[in-house]
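Here is a short briefing on one protein chain. Overall figures come first, then the details by topic.

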Amino acid sequence: MTGSPDQRSGWNGIGTGYAVAGTLLAGVLLYGGIGYLLDRWLGTQKVFLAVGMVSGAVLGTYLVYLKYGKGKSAH
């Protein structure tokens with residue numbers, strides 16, 4: 001036994017799925033929260049909240065791509 005995961009197990013991708021979902025959710029919540037605080041501080045009507053949530057979703061997606069989306073090069 002080498003300690004590597006069993007390739008026949010149906011549970012291999014569960015941890016990766018939770019990590020991806022957590023990264024996306026954290027991006028939206030973090031940047032949405034920053035946008036909410038900016039809206040409260042500046043007295044605007046949820047403008048920065050929307051911008052923050054969209055920015056968080058985009059940056060979270062980019063981070064997921066960097067960590068999990070790049071496949072092995074065929075070279």
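Helices (H or I, at least four residues) and strands (E, at least two) are DSSP runs, numbered from the N terminus. By that rule, the protein chain has 2 helices and 0 strands. The model is predicted: local features need pLDDT of at least 70, side-chain atom pairs count only at pLDDT 80 or more, and totals for chains, interfaces and linings use all residues. Residues are numbered from 1 along each chain as its sequence is written, and side-chain values use heavy atoms, with hydrogens and water left out.

**Whole chain**
- The protein chain has 75 residues, and 11% of them count as buried; buried means under 20% relative accessible area, exposed over 50%, and partly exposed in between (1.4 Å probe, protein chains only).
- Areas come from the Shrake-Rupley method with a 1.4 Å probe; for residues, only the protein chains shown count as cover.
- A contact means heavy atoms within 4.5 Å. Of the contacts between residues at least 6 apart in sequence, 52% join residues at least 24 apart.

**Helix H1 and its packing**
- H1 covers residues 14–42, 29 residues in total. From first C-alpha to last, H1 reaches 42 Å, close to the 42 Å expected; the expected span is 1.5 Å times one less than the number of residues.
- Gly-27, Gly-32, Gly-35 and Asp-39 are buried in H1.
- The buried residues of H1 pack against helix H2 (47–69).

- Lys-46 lies in the loop between H1 and H2. Its phi is near 60°, a positive value in a residue other than glycine.
- Most residues other than glycine have a negative phi.
- Lys-46 is exposed, at 60% relative accessible area.

**Nonpolar patch**
- Leu-30, Tyr-31, Ile-34, Leu-38, Trp-41, Leu-42, Val-47, Phe-48, Val-51 and Leu-59 make a nonpolar surface patch of about 940 Å².
- Patch residues have over 30% relative accessible area and no salt bridge; like charges are joined within 9 Å, nonpolar side chains (Val, Leu, Ile, Met, Phe, Trp, Tyr) within 5 Å. A salt bridge puts a side-chain nitrogen of Lys or Arg within 4 Å of a carboxyl oxygen of Asp or Glu.
- H1 and H2 each supply at least two residues of the patch. H1 gives the most, with 6 residues.
- Ile-34 is in helix H1 and counts as partly exposed, at 41% relative accessibility.
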